[in-house]
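Student: I would like a close look at a single part of this model, followed by its surroundings. Please keep it to one connected answer.

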Amino acid sequence: LKAIYASNAQLNDRCVQILSMLRSNPSIPAGYLAANTIALLRQFQPDLNGYDFSDLVIWQADFQGVDLNGANLSFSDLSDSVFTKTLSSILTIAFH
């Protein structure tokens, strides 16, 4: 990837584009693409503070040790994802 993207910022931008594409294209089958893209982001940007992960299927993501302060996870399917500690300041929970 370092041969394809000249900087970490370019790789970050591409990952954000992929997540945005997943969010705006519900016809893409649910799977592990969002979680894999987030894992890739973590390799170059371990602080995910402020990222928009809303409305995504994020299966089995590993958020342990990740700063998610200000990250938007609203309406995301976080099935089997793991976190360092219990999420705080949850304002709304929807059960299906």
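Student: In which part of the chain is the place of Ala61?

Tutor: Ala61 sits in the loop between α2 and β1. The model is predicted, so local features are given only where pLDDT is at least 70 and side-chain atom pairs only at pLDDT 80 or more, while totals for chains, interfaces and linings use all residues. Residues are numbered from 1 along each chain as its sequence is written, and side-chain values use heavy atoms, with hydrogens and water left out.

The elements come before the details. The chain holds 2 helices and 2 strands, in the order α-α-β-β from the N terminus on.

Buried means under 20% relative accessible area, exposed over 50%, and partly exposed in between, computed with a 1.4 Å probe on protein chains only. Of the 96 residues in the chain, 27% are buried. Leaving aside residues up to four places away in sequence, Ala61 touches Ala35, Ser81 and Val82; contact here means heavy atoms within 4.5 Å. For the whole chain, 25% of the contacts between residues at least 6 apart in sequence join residues at least 24 apart.

Ile18, in helix α1, has its C-alpha atom 8.1 Å from that of Ala34, 16 residues away along the chain. Ile18 touches Leu33 and Thr37, again not counting residues up to four places away in sequence. The axes of α1 (residues 8–24) and α2 (residues 33–44) come within 10 Å and cross at roughly 160°. Axes are lines fitted to C-alpha atoms, for helices over the stretch in contact, and angles run from 0 to 180 degrees between N-to-C directions. The two helices, α1 and α2, are therefore roughly antiparallel to each other; angles over 145 degrees count as roughly antiparallel, under 35 as roughly parallel, 65 to 115 as roughly perpendicular and the rest as oblique. The crossing of α1 and α2 is left-handed, meaning that the near helix is turned anticlockwise from the far one by less than a right angle, whereas clockwise would be right-handed.

From α1, the contact is made by Asn8, Leu11, Asn12, Cys15, Ile18, Leu19 and Leu22, and from α2 by Leu33, Ala34, Thr37, Ile38, Leu40, Leu41 and Phe44. By class, this contact of α1 with α2 has 11 nonpolar residues, 3 polar ones and no charged ones. Ala, Val, Leu, Ile, Met, Phe, Trp, Tyr, Cys and Pro count as nonpolar, Asp, Glu, Lys and Arg as charged, and the others, Gly among them, as polar.

Aromatic pairs come next. Rings of Phe, Tyr and Trp (its six-membered ring) pair if their centres lie within 6.5 Å, and planes under 30 degrees apart count as stacked, over 60 as edge-to-face and the rest as tilted. The count by this rule comes to 3 aromatic pairs. For Tyr32 and Trp59 the ring centres are 5.4 Å apart and the planes stand at 70°, so the pair is edge-to-face. This pair links distant parts of the chain, 27 residues apart: Tyr32 is in the loop between α1 and α2, and Trp59 in the loop between α2 and β1 (62–63). Tyr32 is partly exposed at 41% relative accessible area, and Trp59 counts as partly exposed at 24%. The rings of Tyr51 and Phe53 have centres 5.8 Å apart and planes at 10°, so that pair is stacked. Both Tyr51 and Phe53 are buried.

Two backbone angles remain. Asp55, in the loop between α2 and β1, is not a glycine but has a positive phi near 60°. Asp55 is partly exposed, with a relative accessible area of 43%. Asp80, in the loop between β1 and β2 (82–83), also has a positive phi of about 60° although it is not a glycine. Asp80 is exposed, with a relative accessible area of 62%. The C-alpha atoms of Asp80 and Ile58 are 8.8 Å apart, and the two residues are 22 residues apart along the chain.

Key. Helices (H or I, at least four residues) and strands (E, at least two) are DSSP runs, numbered from the N terminus.
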